[in-house]
Amino acid sequence: MMFPLLSLMIWLPLIGAALIFVPQGSLAASARNARWIALWTSLLVLVLAAIMLSDFNPQAHGFQFTETAPWIPQFHIAYRLGIDGISLFFVALSALLTPIAILASWRESRRVREYMAAFLLLETMTIGMFCSLDFLMFYIFFEGVLIPMYLIIGIWGGERRIHAALKFFLFTLAGSLPMLLALVWMWHNAGTTDMITLMHTPIPPHIQDWLFLAFLASFGVKAAVWPLHTWLPDAYGEAPLPGTIMLAAVLSKMGAFGFLRFSLPMLPQASQYFAPLMFALGIMGVIYISFAALAQTDMKRMIAYSSVAHMGLIIVGIFTFTVIGIEGALFQMVSHGLVIAGLFLCVGILLARGHSLRLDQLGGLATRMPIYAAFLMFFVLANIGLPGTSGFVGEILVMIGAIQVNFWVALLVSTGMILSVIYMLVMVRRVLFDHARSIANAVISDLTGKEWLMLAPLAVLVLGLGFVPGGLTEAFHTAVTDLVRAHVAALQLPATLAMAKP
């Protein structure tokens, strides 16, 4: 029997969350033990993710580390897990950022056991979703993310946390209901919820259009595609910083992953038909959201809008239907997860020192916190795609893929990228180099050892992927090539059948 690596990665955090609630003496002891149980559990999952990366064969076709077990056999529903080059690094990203989020939560003093358990439950749901090969399992994990994230925002968030949590919950739940209807139809049509079987089950083009719109409602909300993004700035702004890191770096990728896993392989004709619409939404997201970011007066919200703008670029890359464009979108998703986590950690460092995030109250930190300033500047430059960082590689691949399809799409997307340079450098100037506007700036301390421990690995990965991107693109390449070939073959099939008729 094959070692159940994926099952261990999915269910270990849930076991850790259960252990947190085992009676452990005083309240202080329970809180201390909860922190360490959560950290060691997440680190163990990270070790398993490293084993997964080392054992993954980038040249192999199809899914690897597969697991199958009967679940509801009378309805052809089974426990099916597996990963390919498309899902591989999203699992690894979830495993990497969870211990960082837990470390960033170390000083939380309110309901510590519940807080740490919520992050472990969130890790179970995210990894489970990326590994699922059964549509019903995927839907359960996809929706299950709402529970811990709603609690993290609603209990430990800012002043408007209830409003932000409800908005997040209602937007994502309402968007997912059409996907549930699509699931039921596809289940009825194919007689199974096996996602591999569904990828090879033909669906009439006129039905594909409706199914695509159902998926767009769900995945578009999760990916914060314009104009379905309005929940995101409130959620980012009110969530505690560790929750914001997981929202921006992992949860926002779930929607884009859904398009790659469902819309392109299962609905090829509809995906091709709606590609101009997706280009328009992606371009509007990049340009409109960039202007919205420029208008922000709060550092955290400016970074939040920057995250939304990057998702527009990713959507454009996916719907080029080219190998290089999709690989660029995948690279950008991984890179963005690392970079945006670094930026929000920099925000959290200021909050931990009791500092305001209003840009008109910041300034002069470059001289008072030089190491912090270096990290913030590095992640900002990676966010705007400086050559030598991972952000540049993803952006340039998407641009090449877009040019192959439509020059004007590439030109308009590049306009949004220029705007990102403007608003991010405006933020850097006001935070680091303008004249100090607060007395607290004069006595603020630089990075601690724990803050180094959180920021340094992210910076090393961003720099490493910028100089040596081949390891990432090689892992993507086989799965993306197979996806594009299947998409092209599915588009050519109706014409072939028509020519074959007498």
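Helix 5 (residues 135-144) meets helix 9 (residues 205-222) through F135, F138 and F142 on the helix 5 side and F215, S218, F219 and K222 on the helix 9 side. The model is a predicted one.

**Helix 5 and helix 9**

- The residues of this contact comprise five nonpolar, one polar and one charged.
- The two axes come within 13 Å and cross at roughly 40°, which makes helix 5 oblique to helix 9.
- The crossing of helix 5 and helix 9 is left-handed.

**Helix 1 and helix 4**

- Helix 1 (residues 5-20) packs against helix 4 (residues 112-131) at an angle of about 165°, and their axes are 8 Å apart.
- Because angles over 145 degrees count as roughly antiparallel, helix 1 and helix 4 are assigned to that class.
- Helix 1 passes helix 4 in a left-handed crossing.
- On the helix 1 side, the contact is made by L6, M9, I10, W11, P13, L14, G16, A17 and I20.
- Helix 4 contributes R113, M116, A117, L120, L121, E123, T124, I127, G128 and C131.
- By class, the residues of the contact of helix 1 with helix 4 divide into 14 nonpolar, three polar and two charged.

**The hairpin of strand 1 and strand 2**

- Strand 1 (residues 64-72) pairs with strand 2 (residues 77-83) in the antiparallel sense, over six bridges.
- Four residues lie between strand 1 and strand 2 in this hairpin, and H76 in the turn has a positive phi of about 60°.
- Strand 2 is mostly covered, with seven of its seven residues buried.
- In a regular strand the side chains alternate between the two faces of the sheet.
- In strand 2, I77, Y79, L81 and I83 lie on one side and A78, R80 and G82 on the other, and both faces are covered.

**T244 in helix 11**

- T244 lies in helix 11, which spans residues 241-266.
- T244 counts as buried because its relative accessibility is 0%, where the limit for that class is under 20%.
- Not counting residues up to four places away in sequence, T244 touches Y236, A239, K300 and F344.

**G325 in helix 15**

- G325 lies in helix 15, which spans residues 323-352.
- Is G325 buried or exposed? G325 is buried, because its relative accessible area is 0%.
- Leaving aside neighbours within four places in sequence, G325 is in contact with G317, T320, L397, V398 and G401.
- G449 is 124 residues from G325 along the chain, and the C-alpha atoms of G325 and G449 are separated by 39 Å.

Terms used: Residues are numbered from 1 along each chain as its sequence is written. This is a predicted model: local features need pLDDT of at least 70, side-chain atom pairs count only at pLDDT 80 or more; totals for chains, interfaces and linings use all residues. Side-chain values use heavy atoms; hydrogens and water are left out. Two strands pair if DSSP finds at least two bridges between them. Helices (H or I, at least four residues) and strands (E, at least two) are DSSP runs, numbered from the N terminus. Buried means under 20% relative accessible area, exposed over 50%, partly exposed in between (1.4 Å probe, protein chains only). Contact means heavy atoms within 4.5 Å. Axes are lines fitted to C-alpha atoms, for helices over the stretch in contact, and angles run from 0 to 180 degrees between N-to-C directions. Angles under 35 degrees count as roughly parallel, over 145 as roughly antiparallel, 65 to 115 as roughly perpendicular and the rest as oblique. A crossing is left-handed if the near helix is turned anticlockwise from the far one by less than a right angle, and right-handed if clockwise. Ala, Val, Leu, Ile, Met, Phe, Trp, Tyr, Cys and Pro count as nonpolar, Asp, Glu, Lys and Arg as charged, and the others, Gly among them, as polar.
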